[in-house]
Amino acid sequence: MVKNIICTVCPMGCHITVEGEGSEIASISGFTCPRGEAYGRQEFAHPVRILTTTVRCEGGEQELLPVRSRQPIPKELLMDCMDVLRKTAVHTPVKRCDMVVENICGCGVDIVASGEA
């Protein structure tokens with residue numbers, strides 16, 4: 001399998017080509033720095049993303065509270081995490097970095113407030 005990846009680590013936006021099967025990489029090319037190579041390997045074998053969204057806010061003036069994942073979440077769990085957050089409501093007052101959902105979908109990543117209400 002060949003996967004073409006645009007690196008997002010720095011503004012260069014290198015076009016990385018990774019060949020392999022499963023998580024085994026046969027070749028990688030197109031990166032211009034060690035961080036780009038690491039990104040290409042990670043993105044090929046096990047892509048992850050920071051999740052940013054909003055949850056309902058009850059008891060205050062705001063209807064929605066911005067939240068984010070503390071660390072990247074496996075890409076295949078993003079929609080499951082969104083299902084959990086769609087059903088989640090927080091009660092005011094909430095401070096930035098307060099825990100909203102601990103260990104979402106059992107992936108070991110917490111969802112925290114990125115704003116205040």
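Two strands are taken to pair if DSSP finds at least two bridges between them. The model described here is a predicted one. In it, asparagine 4 stands opposite threonine 17 in β2. The strands concerned are β1 and β2 (residues 15–21), which run antiparallel and are joined by 5 bridges. They belong to an open sheet of 3 strands, in the order β1-β2-β3 and with antiparallel pairing. Each of the edge strands, β1 (2–6) and β3 (24–29), has a single partner strand, so one side of each is left without a neighbour in the sheet. From one strand to the next, the twist averages 25°.

A second open sheet has 5 strands, ordered β8-β5-β6-β10-β9, and its pairing is mixed. Its edges are formed by β8 (89–91) and β9, each of which pairs on one side only. On average, and with direction ignored, neighbouring strands of this sheet are turned by 45° against each other. Helix α2 packs on the sheet, where it touches β5, β9 and β10; the direction of α2 makes about 15° with that of β5.

Within this sheet, β5 and β6 run antiparallel and are joined by 5 bridges. Threonine 53 stands opposite valine 67 in β6, and arginine 56 stands opposite leucine 64, also in β6. The hairpin of β5 and β6 has 5 residues between the strands, and in it glycine 59 takes a positive phi near 95°. The pairing of β5 with β8 is parallel and comprises 3 bridges. Here arginine 56 stands opposite alanine 89 in β8.

Helix α2 (residues 78–86) has Leu78, Cys81 and Leu85 as buried residues. Seen down the axis of α2, these buried residues fall within an arc of 60°, so they line one face of the helix. An α-helix has 3.6 residues a turn, so residues three or four places apart point the same way. The exposed residues Met79 and Arg86 are carried on the face of α2 turned away from its buried side. The buried residues of the helix pack against β4 (48–49), β5 (52–58), β7 (73–74), β9 (99–101) and β10 (111–113).

The largest nonpolar core has 17 residues, and those with the most contacts inside it are Leu65, Ile73, Val100 and Ile111. Two or more residues are given to this core by each of β5, β6, α2, β9 and β10. The largest share, 3 residues, comes from α2. Leucine 65 is in contact with Thr53, Thr54, Val55, Cys57, Val90, Val94, Ala113, Gly115, Glu116 and Ala117, leaving aside its neighbours within four places in sequence. Apart from this core lies another, of 8 residues, among them Cys14, Ile16, Val18 and Tyr39.

Two polar residues, serine 69 and glutamate 43, were examined individually. Serine 69 is found in strand β6 (residues 64–69). With a relative accessible area of 1%, serine 69 falls under the 20% limit and is therefore buried. The side chain of serine 69 reaches the backbone oxygen of glutamine 71 at 2.9 Å. Not counting residues up to four places away in sequence, serine 69 touches Arg49, Ile50, Leu51, Val109, Asp110 and Ile111. Ile111 is also among the residues with the most contacts inside the largest nonpolar core.

Glutamate 43 lies in helix α1 (residues 34–45). The relative accessible area of glutamate 43 is 7%, so this residue is likewise buried under the 20% limit. The side chain of glutamate 43 makes a polar contact, at 2.7 Å, with the side chain of arginine 49. Glutamate 43 touches Lys3, Ile5 and Arg49, not counting residues up to four places away in sequence.

Technical notes: Residues are numbered from 1 along each chain as its sequence is written. This is a predicted model: local features need pLDDT of at least 70, side-chain atom pairs count only at pLDDT 80 or more; totals for chains, interfaces and linings use all residues. Side-chain values use heavy atoms; hydrogens and water are left out. Buried means under 20% relative accessible area, exposed over 50%, partly exposed in between (1.4 Å probe, protein chains only). Helices (H or I, at least four residues) and strands (E, at least two) are DSSP runs, numbered from the N terminus. The arc is that of the directions from the helix axis to the C-beta atoms. Contact means heavy atoms within 4.5 Å. Axes are lines fitted to C-alpha atoms, for helices over the stretch in contact, and angles run from 0 to 180 degrees between N-to-C directions. A polar contact is a pair of N or O atoms within 3.5 Å; within protein, one must be able to donate a hydrogen and the other to accept it, and residues adjacent in sequence count only if both atoms are side-chain atoms. A nonpolar core is a set of buried Ala, Val, Leu, Ile, Met, Phe, Trp, Tyr and Cys residues joined through side-chain atoms within 4.5 Å.
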